[in-house]
Amino acid sequence: MAYPPAARSSTAPQPSVKVILTSADVQRVVDRIAHQILEKTQGAQQTVLLGIPTRGAPLARRLAARISAFEGVDVPVGVLDITLYRDDLRRHATRAIGPTELPAGGIDGKRVVLVDDVLFSGRTVRAALDALNDVGRPASVQLAVLVDRGHRELPIRADYVGKNIPTSLAESVKVTLAETDGADEVKLYGGDR
Amino acid sequence: MIRHLLSGADLDAATATRILDTAAEMATVAGREVKKLPALRGRTVVNLFYEDSTRTRISFEAAAKRLSADVINFSAKGSSVAKGESLKDTALTLQAMGADAVVVRHPASGAPHRLADWVDGSVVNAGDGTHEHPTQALLDAYTMRSRLGRIAGLSVAVVGDVLHSRVARSNVLLLSTLGAKVTLVGPPTLIPVDIAQALAPGTDVSYDLDAVLPQSDVVMMLRVQRERMNDSYFPSAREYARRYGLDGPRMRRLPEHAIVMHPGPMNRGMEITPEVADSPRSTIVEQVANGVSVRMAVLYLLLGGNNR
Amino acid sequence: MSAYLITNVSVVGGAPTDLLIRDGVVAGTGTGLAAPDATAVDGTGLVALPGLVDLHTHLREPGREDAETVESGSRAAALGGYTAVCAMANTSPVADTAGVVEQVWRLGREAGLVDVQPIGAVTVGLAGEHLAELGAMADSAARVRIFSDDGHCVADPRLMRRALEYVKAFDGIIAQHAEEPRLTEGAQMHEGEVSTRLGLTGWPAVAEEAIIARDVLLAEHVGSRLHICHVSTAGSVEVLRQAKARGVRVTAEVTPHHLLLTDEKAATYDPVYKVNPPLRTDSDIAALRAALAEGVIDVIATDHAPHAVEDKECEWAYARPGMLGLETALSIALDVLGPQWDLIAERMSRAPARIAGLADHGHDPAPGVPANLTLVDPAVRRTIEPAELASRSRNTPYARMTLPGRIVATFLRGEPTVLDGKAVK
């Protein structure tokens with residue numbers, strides 16, 4: 001999950017902002033992950049990409065498009081909403097739930113690649129694994145993320161990582177994508193460096 | 001965020017739309033092999049039913065269970081309620097049991113409002129006296145939206161015993177909030193005084209079903225109890241059916257796309273004929289299925305987060 | 001007997017004067033009175049009114065002593081400025097025999113806080129079928145003059161006619177609870193916009209107006225006295241205005257709550273607002289206030305109706321109708337009428353005393369009249385706390401409302417029942 005920057009008032013000192021990935025970087029990273037998926041899945045056979053909302057969904061569609069461009073393989077893409085599986089539902093006001101859209105062929109017996117923007121505590125991925133369990137039985141599950149910022153709280157790791165960013169807990173990572181935010185970029189906010 | 005659902009008036013357009021959108025997602029669970037979501041794990045939902053209504057109770061029970069809540073059914077029969085325990089004492093008992101939500105059906109109008117004063121948890125009105133039944137209105141709205149694609153701008157005729165109908169009151173409130181035009185149709189004896197001012201300005205009243213049908217996108221038939229004729233609300237069941245019942249010829253006066261709804265249970269031959277009830281225009285069976293999804297959405301909205 | 005000298009007090013709104021009370025009567029008035037043996041009461045800023053008289057009180061004893069007793073109700077009355085209350089007949093057993101009315105009368109005497117004047121039932125058991133022994137009650141020690149089936153309407157027109165005629169023999173009066181029973185079956189609140197919204201069965205105004213119209217015609221026909229309890233609608237006011245203009249011997253009362261509260265109060269479904277007749281609308285309130293000023297309505301009567309907690313802490317439909325009134329009536333009157341002291345004295349003391357035939361009550365403090373009076377501080381505003389009321393019950397609709405006026409002292413036949421705002425016993 002990406003975390004938005006803390007709200008700022010005009011009088012507060014400006015926290016530092018650092019661009020980690022530019023638009024061109026994001027494109028290159030997506031291309032690389034697409035290649036890696038092709039490599040590690042024998043040409044994306046029997047593979048389904050499931051994006052985790054919000055930004056995992058467009059990332060999954062981009063990966064599928066690149067895979068199709070590189071090798072002419074059409075990888076089924078879907079969306080897996082994990083809201084109802086979160087372990088922190090009761091800490092917030094009721095969250096709106098999003099759509100879950102599985103590809104027509106389903107996921108049973110398939111290799112599922114979960115796609116998200118940022119890997120942080122690992123709790124989102126745990127929720128996604130629980131959600132998967134309720135919608136079918138994949139042969140195996142892999143994880144692709146644009147950014148891994150560390151600080152795992154669960155024994156979870158990614159199979160495909162666009163960029164590892166060492167961070168402190170005081171910092172936050174914000175991913176924007178053209179589809180959801182108007183432009184591709186990854187920024188690191190905060191700390192007082 | 002609302003804490004209780006006592007009346008259709010508790011829902012503004014945004015909240016109502018959010019419930020309908022959530023219900024649409026909940027509906028997909030019904031098609032899955034594992035018809036269960038973990039959202040309300042560890043939460044306790046009590047169904048407190050002072051009236052027999054197996055349909056409504058089962059619908060709420062299925063909804064709560066699909067969200068993994070623990071469900072306790074507390075029915076008036078065979079419980080301390082039958083021995084004359086007061087609603088307040090029952091409320092305190094449920095409170096002590098740790099009920100996170102109480103779904104209450106009660107013959108007295110306003111009983112859920114009273115209950116909400118006495119329990120910390122959320123109260124969902126599952127029908128109170130001749131007052132309201134807000135989840136029925138939500139499932140009706142959901143059904144209209146899924147059949148006709150929208151609610152705003154629809155002309156909805158609600159036909160029958162409006163005076164005693166909790167379904168009608170909740171529907172007038174909710175449908176008006178969502179931008180539909182409601183016309184209440186029935187004999188003047190069964191239309192309550194000042195209904196438009198009381199519920200929603202812009203609500204129309206008509207005593208002539210045949211005149212209303214050609215302009216209606218939705219016709220909602222209300223259950224009419226035969227016993228009402230003993231109170232002189234109308235002379236006989238036969239006369240009622242002739243003037244306000246929906247039969248095949250009347251149904252054919254409706255526009256091509258129009259649908260026929262009924263909250264059930266039906267009095268076949270009284271307010272609706274079998275031909276109409278079983279026709280493709282009828283949404284009666286869908287309404288039942290949609291009830292579970294809508295009630296899941298309501299329970300999730302009330303209990304799915306920290307809304308205190 | 002002790003003596004009291006009330007100094008610098010305004011008698012019914014007049015210029016400040018002193019009042020000497022001795023041997024149960026007002027012994028003298030005027031400025032600069034001296035009475036070394038008398039207990040001094042500083043009346044500066046206070047208004048002396050003739051002791052208030054309530055034509056319509058439910059004391060619940062015998063039968064529901066958990067809700068109120070003659071003693072607790074008498075204390076509440078004294079604290080409200082009353083020196084006499086008329087106790088309604090719907091007790092258990094019903095006050096439909098000489099024995100029961102004498103019991104209530106005696107209990108009132110023993111409590112000694114107000115004169116408790118029993119009202120006798122019109123029909124046996126309030127059942128509306130057979131006349132109770134009205135003459136025996138009239139001849140009893142209680143000397144009953146008002147008869148009422150309050151809580152129930154004497155709906156049978158023939159029975160009503162007979163009752164009106166019969167009580168002429170001892171200058172009795174029938175106080176009618178005007179409610180056409182078939183039009184109010186299952187009724188829970190005023191029939192109108194709010195009842196429609198709340199899904200509560202309506203109590204239509206016409207159910208009251210139809211009975212009043214019938215009864216003024218009956219009273220006119222037989223030449224009898226008729227009193228209408230708790231008038232609540234604008235339509236009733238019209239019927240009464242016409243009847244009075246024709247010279248019909250009809251009097252009428254309105255309750256404080258019908259002068260102040262509307263049916264919107266039911267929106268919470270809290271049965272503390274459930275009352276019979278029900279709270280009506282703003283336009284009814286306006287008509288009732290005008291009628292009270294004009295004299296179409298003669299009396300403010302409380303319909304003080306105590307109910308045990310369990311009879312109100314429940315569903316609206318299952319709750320008993322009624323609300324407390326004795327300790328707040330004068331404040332509501334002040335709030336509604338302002339400091340029109342003469343009008344307040346007329347509607348809350350003189351007129352009800354005349355109607356009830358209570359010769360010792362309803363007289364402005366003046367030399368020689370029985371010292372039944374009350375002292376009001378109109379400058380004080382007080383917040384009503386149910387727990388502080390003297391009634392055994394808590395069902396006041398004015399909880400946490402701030403109202404003008406406070407009773408500082410009440411004297412019954414020259415003896416204080418309330419001093420410094422507290423009951424003396």
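## A five-stranded sheet in chain C

In chain C, five strands form an open sheet in the order β9-β10-β13-β14-β15, with parallel pairing. At its edges are β9 (146–147) and β15 (299–300) of chain C, each of which pairs on one side only. Here, two strands pair if DSSP finds at least two bridges between them. Helices (H or I, at least four residues) and strands (E, at least two) are DSSP runs, numbered from the N terminus.

Let us look at one of these pairs. Strand β14 (residues 250–254) of chain C runs parallel to β15(C), and two bridges join them. C:Glu253 has C:Val299, in β15(C), as its bridge partner.

## How to read this model

This is a predicted model: local features need pLDDT of at least 70, side-chain atom pairs count only at pLDDT 80 or more, and totals for chains, interfaces and linings use all residues. Residues are numbered from 1 along each chain as its sequence is written, while chains are lettered from A and ligands numbered from 1 in the order in which they are written.

## Annotated positions in chain C

An unreviewed UniProt entry lists several residues under "binding site", including C:His58, C:Arg60, C:Asn90, C:His307 and C:Gly322. Such annotations may be inferred rather than shown by experiment; the positions follow the numbering used here, and feature names are shortened.

You can find C:Arg60 in the loop between β6 (52–57) and α1 (70–79) of chain C. C:Arg60 counts as buried because 28 other C-beta atoms lie within 10 Å. The rule is that a residue is buried if 20 or more other C-beta atoms lie within 10 Å of its own, exposed if 12 or fewer, and partly exposed in between, with C-beta atoms placed from the backbone. Not counting residues up to four places away in sequence, C:Arg60 touches C:Glu65, C:Ala67, C:Glu68, C:Thr91 and C:Pro306. Contact here means that the C-beta atoms of two residues, placed from the backbone, lie within 7 Å.

C:Gly322 sits in the loop between β15 and α10 (329–337) of chain C. C:Gly322 is buried too, because it has 24 C-beta neighbours inside 10 Å. Leaving aside neighbours within four places in sequence, its contacts are C:His58, C:Val275, C:Ala305 and C:His307. Two of these, C:His58 and C:His307, are also on the "binding site" list from UniProt.

## Two domains in chain C

Chain C is assigned domain 1 (3–47 + 368–423) and domain 2 (52–356); these bounds come from an automatic or database domain assignment. Between the C-alpha centres of domain 1 of chain C and domain 2 of chain C there are 26 Å. Where they meet, 27 residues come from domain 1 of chain C and 37 residues from domain 2 of chain C.

On the domain 1 side, β16 (373–383), β17 (402–412) and β18 (415–419) of chain C each supply at least two residues. β17(C) gives the most, with six residues. By class, this side of domain 1 of chain C has 15 nonpolar, 10 polar and two charged residues. Ala, Val, Leu, Ile, Met, Phe, Trp, Tyr, Cys and Pro count as nonpolar, Asp, Glu, Lys and Arg as charged, and the others, Gly among them, as polar.

## Chain B and its helix α5

Chain B is also assigned two parts, domain 1 (8–132 + 288–303) and domain 2 (134–287), and their C-alpha centres lie 25 Å apart. In the contact, 25 residues of domain 1 of chain B meet 21 residues of domain 2 of chain B. α12(B) gives the most to the domain 1 side, with seven residues.

Helix α5 (residues 134–148) of chain B has 15 residues and should span 21 Å, which agrees with its end C-alpha atoms being 21 Å apart. The expected span is 1.5 Å times one less than the number of residues. α5(B) is mostly covered, with 12 of its 15 residues buried. Among the elements covering them are α1 (13–29), β4 (122–128) and α12 (284–303) of chain B. After α5(B) comes B:Gly149, with a positive phi near 85°.

## How the chains meet

Chain A and chain C do not touch, and their nearest C-alpha atoms are 27 Å apart. In chain A, an unreviewed UniProt entry lists residues 20–166 as "domain: Phosphoribosyltransferase". Over residues 20–166, chain A is 32% helix and 22% strand.
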